[in-house]
Every structure is written in structure tokens, then in C-alpha cells.
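Me: I'd like to learn how to read a few features of a structure like this one. Could you walk me through it?

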Amino acid sequence: MNHTNSTEPHADLHYLYLLSQSFPTIADASTEIINLEAIMNLPKGTEHFLADLHGESAAFQHVLKNASGNIKRKVNEIFGNDIRETEKKELCTLIYYPEQKLELVKASEPDIDDWYHITIHQLVKVARDVSSKYTRSKVRKSLPQDFSYIIEELLHERTDDSNKAAYVNVIVDTIITTGRADDFICALSNVIQRLAIDQLHILGDIYDRGSGAHIIMDTLRQYHSWDIQWGNHDILWMGACAGNKACICNVLRLSLRYANLVTLEEGYGINLVPLATFAMDVYGDDPCTEFLPKLLKGQQLDEKTQLLTARMHKAISVLQFKEEAKIFKRRPEWNMQNRCMLDHIDYANATCTIDGKTYDMLSCHFPTINPACPDELTPEEEQLMEKLRHSFAVSEKLHKHIRTLLSHGCMYAIYNSNLLFHASIPLNADGTLKPVSLYGQQYSGRDLMEKTGQMIRTAFAPDSNPDERHYARDYFLYLWCGPDSPLFDKSKMATFERYFLKDKETYKEEKGYYFQLRNDPATCDHILDAFGVQGENRHIINGHVPVHAANGENPIKAGGRLMVIDGGFSEAYHKETGIAGYTLVYHSRGFELVQHEPFTSARDAVLRGTDIKSTTQLVEMSAHRMLVADTDKGRDLRLQVADLKQLLYAYRHGLLKEKRS
């Protein structure tokens, strides 16, 4: 349709006829115009940005419950000095963990009915504030069925209205006297959590390192509105689910590296007994020193379990190098044959030659490798690999979670003048977009991201061309470790070198030009232009590379055009970054970057009222409070209003007839 300021319809009548099925009369169309115009004048909904969760389900759920401090900010604004700081903290804890907090309160509160009365009124005030950004219809849809009518009445009736004060008090009294106070408080707290955030953005890497990726996915499946820009670790699990054997090996290797088998075994029912049996048979006399697991703080394994884990770790690593070499040789156009590392070993002298230079190896015990054909699997390895592939193929829950990632995600997204992607846009040395070969054709920038997203979906499409589907399944490995992958963008992944070579110079992974140039405002502007991102205050928002806050690194780069919000959510990064992650909140008044310290536990949060300690940095505040009209949704609503006005014109000028019942 051609939208202009004119009321004369420019659309063909067929489209207007279809629109008339939803709005059959002038009154219906007019009412909808009034509704949409009103919505555009509501405050912009709050967006919440998280990245690199890496299986840290407890910290993720806490950040979700407190909306990165957004709920605490609301409580402070609403109550100010009217109640004490300790009371505000208690109220926030109740909102985050209502069931657990209620148990403690009932065990210690001498006058529980009085506490109920005061607390319900306080919760209603908070709920009224967080719901004020939305239409009644949207709020109604978010209410629990059991208390929908009661909550709606309390949200829209005020105790400062003398005519309504008694009515409101009787509602609260009746909730208490009928024994429904606990259920009501839990329901209202959950409503506050839900309405505090309008849209959740996950900038990739739900999987690996921590033990709760499956729990995060279960939580997201129930969340009201979210999207994800896939990260390299998500892609690895997607590849494993699609049947890429090299990805399966990588997933298992990373889980064993951090002694984290909970997601695999308990979350997805992956059977690791065949791997353990094979490892003990083949590496039973190998100390596997280089493969001992990296234990996180508080993690304990006895010596026997550590040794078994190390042997399983080495067994799957050798399998990984073999399976990767097969794909690299099958896809010579990727130019990754130099990463067929088993071909470069002198097995007799325990050395490895890389780029013409020979290095001593830490160990050279490879009982399953034939030096004449290093990437050939033994019959036992073939059998093991097939069992592992089958285990991933029949995991119903894993496939359900991967389908969820596919339905809610892609390689990039543009929301309200913000370009979101996990890691990188491949660039040349001069900052121009780098063409990357994908299935025989060259793509760059936005085209590359879109084509990559399409290819990932092809791997799961049963009706796709078999050759394309096979290529797509192989391509998960390139996305994981390919030099020009927008999810990796480094010279190499030095996994083999870190395990087997003494010289640490070989461990270096040269970052691509995006990471070298991303602090340059002109480079960021060039990328934003290439993706068609418009707006006076436009940004790129990334995760992927932890920000070393302890060393003074700033997550705000390129003069404010780029925000990197991977501050080390994963416990494995805490020592490296000095913090426990960044999250970003974008509300109607602007951007706030929240820097977190490590989360202890939900139990501590309930018992002692502890919260994730955080420092809020005002990144960019708007001169005026942003409205829905200032957002992408506002643009869509204006187009809908224009269409409806053309429908009105058609009715009033006899081009279409109203359909009165």
C-alpha cells in the first residue's frame, strides 16, 4: 500500500475488502483508530537485554525476577521516604520470591492479618505503576485466571477516592478472611515481574559451562515475550541436535572440560555410559593430565571421578579432531584443511609442525590413531560415535528446546534503532564489509546474516534439498570455528594446541577486524547504515567477548554507538572479568547499564534479603519520555491507522458497503 496523508484510498479494493472482514462497520473502524492512537501515546515498554548466560540458571532467573533492578527502582520511586529501606528491601524480596518469603514471614510475624493488609496494598501500588504503560486489554491478558477480576478492580480503583476506599478495603479484607492471601500475593508478585519487562532480548550463548542451560530454556518457554540472537555455543548445540558429529563431540568435550554433565544427562537424557566404558578401555593407563576438568568455585570431585572425567575428555577430544578433519576435507572451499591437526603430528618424535615450525608436544599417546590415516575412526570409535549420535537424535526435550531457539531467534535483529547480534560482522582491514563464501556464493553484512539464518533452518527442514541440508549440517562446524564466521571471527580455534603443545605462542587466536575496529565510530556507523538502522540515537549491542571491567575496560564503545554486555555472567569468567556480567535496561527515559557482582543463591536472597549487588550507569537518557509512537511498534500502528482511514473513506464514499448484523 502507498501510505500518504490523503484520506483518499490508494490501496486496491481487494485489500480493503479483506480489512473490512475485521472491521465491518464505520463504528468498528473508528473505534480501532481511537484505540491505536491512544496506544501510541502510552510510555514505551521496558526492554531487557542479557547476553552469554552460559547455563547460569539461578543468576538468570534472579535477574529475570528483579528485572535487573528495575523493580527495585520502581519501589524506590513509589515509596520514597514513606517506608524504611529495610521495608523496601523486604517488599522487593517478596516480589522476587513470594512463596519462599511468605513461609519466613508467617513463621515470625505476630499479626499476620495486619501484615497481609499492609503488604497487599503495597503490592497493588507497585502493580498499578508497572501496569500504567499498557492498555487495560494487555494487562488483562497477563493476569492469572483465578484473580483476574479482583486484580483488575484493585489496579483501577484508588483508595484516595473516598467513594471507593471502602470498596477497595473490603476486597482486601475478604481476600484475607477467605484464606486466599498467600495465593493472591504470589499471583500479584508474578504479575509485577511480568509487567516490569515488556520485551526480553537474549544476545546469545545460553549453553555450555554452567549446569542449567535446560532450566533456562524451560524458563524462556514460559516467558511472555522474548527473542534471541543465536550465539556460537547455541549454534554448537543446534548442530549437535541436527546430527553434526563434530558438534556432538565439541558439546561433550566442553561439558567434560568443566565437569558439567547435568545438562547432558539430567536435562536431555544423553547416555554417556558408552563413552565412559570406551575411555576406560582405551585410556585406562593414561593419566590424561592435560584433560583434568576445570573445577569451578565450590565444585568438588573425588580423585577417581576426576580421572574418569579426564579420560572421557581425552577420548571425545580425539574423536572431535577426527570428525572435524573429515568435514574440513569434505569442504575444501572453507580453506580449513590446515586445521586437520592430526595430520601435522610426527608420532615417532612427539612433535607437531604448524606453518613450517616444529613444536614439542606435551604428550603423544594416541592408541586409536593410525599415523598413515589419522582421521580414520577405529571400529570401536565408529560404534561409539553412532551411539552418541543416536542419543542426541532421540532426545525429545533437546529437540523441543532447539525448535524454541529456531522459532524465537535468528542471527540478528533490529529493535527500536538498536542492531542486536551476538559476536561480529566480518570486516576487511579498511572497515568495509567482508564478502564470505556460503554454498558457492559471496555474501556480506546483512545479506550474510540473513543467508546464514536461512541455512541454519535448512538443516532442520525435512523438505529441503538433500545436498543443501547436508551442507547446512556441516556448516554448523564452520559457524563454530571458521575464521570468517560471524559467530567466531578469529584466525583459528586453538583447542588442539592448548591440549597438546608446550609453546603457548601457538595458543594465540588473532581476532578479526570487527573486534579491532569496533571502537571506531565511523566503522559502527558504516555497519548500522549497511543494516538500514535508522534513528537519531542508534546503537549496536553485542555479547560474546567478556568485558574486563577489573582492568578498566569500558563496555560503552565507539562514542556510545556500541554496547558490549558480556561482562562474564558465567562463573568461569568471574576471575577474568572481575564482575558477574552486565545487563541493559531500555525504558521510556533511556538506557541504563547494570553491572552485577556474583549472585550467591535464591536462598540467601530470601533469608537475608541479599540481591545481586549492582552498579547502574546511565548510558543515554532521553530529553523527553519516549512513547510507543517513538518505537518500531508506533511506526506499525501508524501504518495500521492509515489503512483504517482508507477503509473509512471507502465506506463513506460507497466503494465498500458496511456489513451490519
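Predicted model: local features only at pLDDT ≥ 70, side-chain atom pairs only at ≥ 80, totals over all residues.

Me: Which residues of α2 are buried?

Reply: Look for A29, I33, L36 and I39 in α2. They cover an arc of only 130° around the axis, so they sit on the same side of α2. On the face turned away from that buried side, you'll find the exposed residues T31 and I34.

Me: And what covers the buried residues of α2?

Reply: The cover includes α27 (632-652).

Me: What about α5: what span should I expect there, and how far apart are its ends?

Reply: Do the sum again: at 1.5 Å a residue, the 12 residues of α5 (residues 85-96) should span 16 Å, and the end C-alpha atoms are 17 Å apart, which agrees. The buried residues in α5 are K88, L91, C92, T93, L94, I95 and Y96. They pack against several helices, including α3 (57-66), α4 (70-79), α7 (112-131) and α11 (181-196).

Me: How do I read aromatic pairs?

Reply: A pair of aromatic rings is described by the distance of the centres and the angle of the planes. This structure holds 23 such pairs. Take Y207 and W237: the ring centres are 4.7 Å apart and the planes are at 25°, so the pair is stacked. Planes under 30 degrees apart count as stacked, and those over 60 as edge-to-face.

Me: Where do Y207 and W237 lie?

Reply: Y207 is in the loop between β2 (199-202) and α12 (213-222), while W237 is in helix α13 (residues 232-242), so the pair ties together parts that are 30 residues apart in sequence. Y207 is buried, at a relative accessible area of 0%, and W237 is buried too, at 1%.

Me: Which kind of pair do Y412 and F531 form?

Reply: That one is edge-to-face, with 5.2 Å centre to centre and 70° between the planes. Y412 belongs to strand β8 (residues 412-415) and F531 to the loop between α24 (521-530) and β12 (539-542), so this pair ties together parts that are 119 residues apart in sequence. Y412 is buried, with a relative accessible area of 12%, and F531 is buried with 0%.

Me: Which rings form a cluster?

Reply: F291, F321, Y347, F366, F496, Y499 and F500 form one aromatic cluster.

Me: I see F496 there. What does F496 touch?

Reply: Leaving out residues up to four places away in sequence, F496 touches F321, M341, L342, I345, C352, M361 and L501. F496 also turns up in the largest nonpolar core, which has 180 residues; I206 and F496 are those with the most contacts inside it. Apart from that core lies another, of 18 residues, among them I33, I39, V628 and A650.

Me: Last one: how do I read a sheet?

Reply: Strands of a sheet pair through backbone hydrogen bonds, either parallel or antiparallel. Here, 3 strands make an open sheet in the order β4-β5-β6, with antiparallel pairing. β4 (345-346) and β6 (357-360) stand at the edges with a single partner strand each, so one side of each has no neighbour in the sheet.

Me: How many bridges join β4 to β5?

Reply: There are 2 bridges between β4 and β5 (residues 351-354).

Note on methods:
Residues numbered from 1 in each chain as written. Heavy atoms only, no water. Core = buried A, V, L, I, M, F, W, Y, C linked by side-chain atoms within 4.5 Å. Buried < 20%, exposed > 50% of the residue type's maximum accessible area, 1.4 Å probe, protein only. Contact = heavy atoms within 4.5 Å. Pairing = 2+ DSSP bridges. Helix = DSSP H or I, 4+ residues; strand = E, 2+ residues; numbered from the N terminus. Arc of directions from axis to C-beta. Phe/Tyr/Trp six-rings, centres within 6.5 Å; stacked < 30°, edge-to-face > 60°. Expected span 1.5 Å × (residues − 1).
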